[in-house]
Amino acid sequence: MAHDEQTLTEALTEAFEARVAADAFIEPKDWMPDAYRRTLVRQISQHAHSEIVGMLPEGAWIARAPSLRRKAVLLAKVQDEGGHGLYLYSAAETLGTSRQDMTEALHEGRAKYSTIFNYPTLTWADIGAIGWLVDGAAIMNQVPLQRCSYGPYARAMVRICKEESFHQRQGFEIMTVMAGGTAAQKRMAQDALDRWWWPSLMMFGPPDDQSPNTAQSIRWRIKRESNDELRQKFVDVTVPQAEALGLTVPDPDLRWNAARGSYDFGAIDWAEFAAVVRGEGPVAKERMAARRAAWDEGAWVREAALAHAEKQAARAAERAAA
């Protein structure tokens, strides 16, 4: 019996690998290796957590935005991020996990969210920098995910990428206005770039030779490009944008390399990255406290929704039996 099970597993694995190699989608009811399922749950749940926690630094500026138009646009953006979290939690649930389990893993420190959200938003220019740099880095990461081998994740990314593109343009427009404004506004824009540049580069994850999951994720078509490849693309696209704004990228080692057709850039402080991953970011404790409080304070809503669903199911059962 054990030999038969092993033979069956080997055949299923071979068929799975062939479908992935042929760029066919894997769907929720399809057989998949446990490691593939675990990798997806880890990645999609981390992505979902990041969207929800990412509402916090910008949400704090809705009431302080400098005009009614800015308030309305920022409010729409924060609502979009909440929607992205919903799409992604739903995609992860197709893998057999639950939102309750994913949230508990986050609150207990077994799951992570993007380290970028453990930095504070000190001025209005930070909202521009987040849209331009952070959402720009997110787009660079997420566009290839539209071709992820897992169907529900790939399909969720189509709408998310469209909305993130709007967010990036909104951030760049804020930076354009500030960089072209008064001397004080331009200094504020430069300060935001100085503080958000390196954390944005860290968003792509550790170097390829230090990333334990990248090679397998690429082989399974969960990821399409490596951390370092995506980071280089981001630098190459963003540096000319900074130059167009009249701002200076805070990297004295930044140089155009004509032979490579790309920018060479300085060393990233991976010790800082590791510290922020461990929860030592400037506002990491504040972010997690807010996330836990929101979950606890919303318990009555979840309980009411569950009770209503159970009541509706009972009524349906009664009608069916009548």
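**Aromatic contacts in a predicted model**

**View 1. Arg302 and the ring of Trp295.** Arg302 lies over the face of Trp295, 3.5 Å from the ring centre. The model shown here and in the other views is predicted.

**View 2. Arg155 and the ring of Phe25.** In this second charge-over-ring contact, the charged end of Arg155 sits over the ring of Phe25, at 5.8 Å from the centre of that ring.

**View 3. The pair Phe204 and Phe234.** The structure holds 10 aromatic pairs. Phe204 belongs to the loop between α8 (183-202) and α9 (214-219), whereas Phe234 is part of helix α10 (residues 227-245), so the pair ties together parts that are 30 residues apart in sequence. Phe204 is buried, with a relative accessible area of 3%. Phe234 is buried as well, at 1%.

**View 4. The pair Trp270 and Phe273.** Trp270 and Phe273 form an edge-to-face aromatic pair, with 5.3 Å from centre to centre and 85 degrees between the planes. Both residues are in helix α11 (residues 270-280); because they are 3 residues apart there, about one helical turn separates them. Phe273 has a relative accessibility of 14% and therefore counts as buried, the cut-off being under 20%.

**View 5. A cluster of four aromatic residues.** Phe16, Trp31, Tyr36 and Trp220 are linked into a cluster by ring pairs.

Technical notes
Residues numbered from 1 in each chain as written. Predicted model: local features only at pLDDT ≥ 70, side-chain atom pairs only at ≥ 80, totals over all residues. Heavy atoms only, no water. Phe/Tyr/Trp six-rings, centres within 6.5 Å; stacked < 30°, edge-to-face > 60°. Helix = DSSP H or I, 4+ residues; strand = E, 2+ residues; numbered from the N terminus. Buried < 20%, exposed > 50% of the residue type's maximum accessible area, 1.4 Å probe, protein only. Lys NZ or Arg CZ within 6 Å of the ring centre and 35° of its normal.
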